[in-house]
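Visitor: I have not looked at this structure before, and I would like to learn how to read its features one at a time. Could we go through them together, with the general idea coming before the particular case?

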Amino acid sequence: MILYTILPHEAVFPPDQSVYEQQNIIEWNGVELLVERTSLTECRVVQVLSTNPQDYLNESTQPGQMLTLSTSPLK
Amino acid sequence: MNGKTMSRSYYYYQSKEGDTSMNNEYRNENPGQEPDKKDDQKSSLVDKIQQLGQTNVPSMDHSNIHCLTIIGQIEGHVQLPPQNKTTKYEHLIPQIVAIEQNPKIEGVLILLNTVGGDVEAGLAISEMIASLSKPSVSIVLGGGHSIGVPIAVAANYSFVAETATMTIHPVRLTGLVIGVPQTFEYLDKMQERVVSFVTRHSNITEEKFKELMFSRGNLTRDIGTNVVGDDAVSYGLINEVGAVGPAMKKLNELIDEYKGKQEGDLVQ
């Protein structure tokens, strides 16, 4: 089947709600991070959301790093 | 590719439940983060005393220049699935407010590599940048298409990398449309807002900008123009060709100028 449309992909095939729930934004030592849940207490850094260029040099929050949370921000 | 470079303007108000529920979840759970954060600081303090015999370790200096990165699609009222790289205006706007308020921040560098996106969200970001009292310099790297154009020109001084491109085309609409005549009028007004913003904040004339916007034969089966580095400067859209080096130099110049002006104000 060929579907030719000017509609964006997500308007034609809306993704499942669970897709949106995988990622969340948390604050980690004063820096906002976009994280992806891997387990109840662990998450992986996807993106650093900061305007301070020095925050991007912090090794513990490099994208791909795992963070352990005492209370999970993702339910 | 064409679909990606279009300005999206969703003309329906069906809010996806996910948007709000996710935000609430984030807000509710945020306080739960606090004890963790304090624990971390405390243990690192103890570590420092044990390791170095002192509490304060010289850390990296806070940068007086902050940067705003505008990447992927500019997200509007509808949240895009996570596989899309997006710039969310609800993230950027508080960051711009923080930049304006924080006395340690003296200037802002705006980095653009965007395919465009929601017109209203893009204009919101542009207006926030344009109304910053602190000096701002923008660099278009890779691409600053569609609604990326007003964001690029919103800064006090704009740069474009030699290889970067900017697609200028009319405002488009994807989604469900109710009421065709009203929609056409609405679109026309929306386009006028984009055109007037760009002409007010750059040296391009309205005639030239509209000519680029409606020109035929540049984009396959479409109207508009793909403007590359040098051309953007020759049309007066962007101030200069260059990337990070010249941009930082210019920003530091603007910061010195701004500081001088502020001191002058204090004397009077």
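**Reading the features**

Guide: Let us begin with one residue: A:Asn29 is partly exposed, with 15 other C-beta atoms within 10 Å. Please keep in mind that this is a predicted model.

Visitor: Where is A:Asn29 placed in chain A?

Guide: A:Asn29 sits in the loop between S1 and S2 of chain A. These two strands, S1(A) and S2(A), form a hairpin with two residues between them.

Visitor: What should I notice about the phi of A:Asn29?

Guide: The general idea is that most residues other than glycine have a negative phi. A:Asn29 is not a glycine, and yet its phi is positive, at about 50 degrees. In chain B there is also B:Ser146, a residue other than glycine with a positive phi near 45 degrees, and this residue is found in the loop between strand S4 (136-144) and helix H5 (148-154).

Visitor: Is B:Ser146 buried or exposed?

Guide: B:Ser146 counts as buried, because it has 31 C-beta neighbours inside 10 Å, and 20 or more are enough for that label. B:Lys261, which lies in helix H9 (residues 244-267) of chain B, is exposed, with 9 other C-beta atoms within 10 Å.

Visitor: What is the order of the strands in the open sheet of chain A?

Guide: Strands of a sheet pair through backbone hydrogen bonds, either parallel or antiparallel. The open sheet of chain A has four strands in the order S1-S2-S3-S4, with antiparallel pairing. Its edge strands are S1 and S4 (66-68), each of which pairs on one side only, and the twist averages 50 degrees from one strand to the next.

Visitor: How many bridges join S1(A) to S2(A)?

Guide: Six bridges join S1(A) to strand S2 (residues 31-37), and the two run antiparallel; within this pair, A:Asn24 stands opposite A:Val35. S2(A) also pairs with strand S3 (residues 42-49) in the antiparallel sense, over six bridges, and there A:Leu34 has A:Gln47 as its bridge partner. In chain B, four bridges join strand S6 (residues 165-168) to S9(B), again antiparallel, with B:Met166 partnered by B:Val227.

Visitor: Which residues touch the most other members of the largest nonpolar core?

Guide: That core has 51 residues, and those touching the most other members are B:Leu109, B:Ile110, B:Leu112, B:Ile129, B:Val140 and B:Ile151. Helix H4 (residues 119-130) of chain B contributes its largest share, six residues. Apart from this core lies another, of six residues, including A:Leu33, A:Val35, A:Cys43 and A:Leu69. If residues up to four places away in sequence are left out, the contacts of B:Leu112 include B:Ile70, B:Ser138, B:Val140 and B:Ile151.

Visitor: How do H3(B) and H4(B) lie relative to each other, roughly parallel or roughly antiparallel?

Guide: Helix H3 (residues 89-101) and H4(B) pack at an angle of about 10 degrees, with their axes 10 Å apart, and they are therefore roughly parallel to each other. On the side of H3(B) the contact is made by B:Tyr89, B:Leu92, B:Ile93 and B:Ile96, and on the side of H4(B) by B:Ala121, B:Ala124, B:Ile125, B:Met128 and B:Ile129.

Visitor: At what angle do the axes of H4(B) and H6(B) cross, and what is the handedness?

Guide: The axes of H4(B) and helix H6 (residues 180-201) come within 11 Å and cross at roughly 25 degrees, which makes H4(B) roughly parallel to H6(B). Their crossing is left-handed. B:Val119, B:Leu123, B:Ser126 and B:Ala130 of H4(B) meet residues of H6(B), among them B:Met190, B:Val194 and B:Phe197.

Note on methods: Residues are numbered from 1 along each chain as its sequence is written. Chains are lettered from A and ligands numbered from 1 in the order in which they are written. This is a predicted model: local features need pLDDT of at least 70, side-chain atom pairs count only at pLDDT 80 or more; totals for chains, interfaces and linings use all residues. A nonpolar core is a set of buried Ala, Val, Leu, Ile, Met, Phe, Trp, Tyr and Cys residues joined through C-beta atoms within 7 Å. A residue is buried if 20 or more other C-beta atoms lie within 10 Å of its own, exposed if 12 or fewer, and partly exposed in between; C-beta atoms are placed from the backbone. Two residues are in contact if their C-beta atoms, placed from the backbone, lie within 7 Å. Two strands pair if DSSP finds at least two bridges between them. Axes are lines fitted to C-alpha atoms, for helices over the stretch in contact, and angles run from 0 to 180 degrees between N-to-C directions. Angles under 35 degrees count as roughly parallel, over 145 as roughly antiparallel, 65 to 115 as roughly perpendicular and the rest as oblique. A crossing is left-handed if the near helix is turned anticlockwise from the far one by less than a right angle, and right-handed if clockwise.
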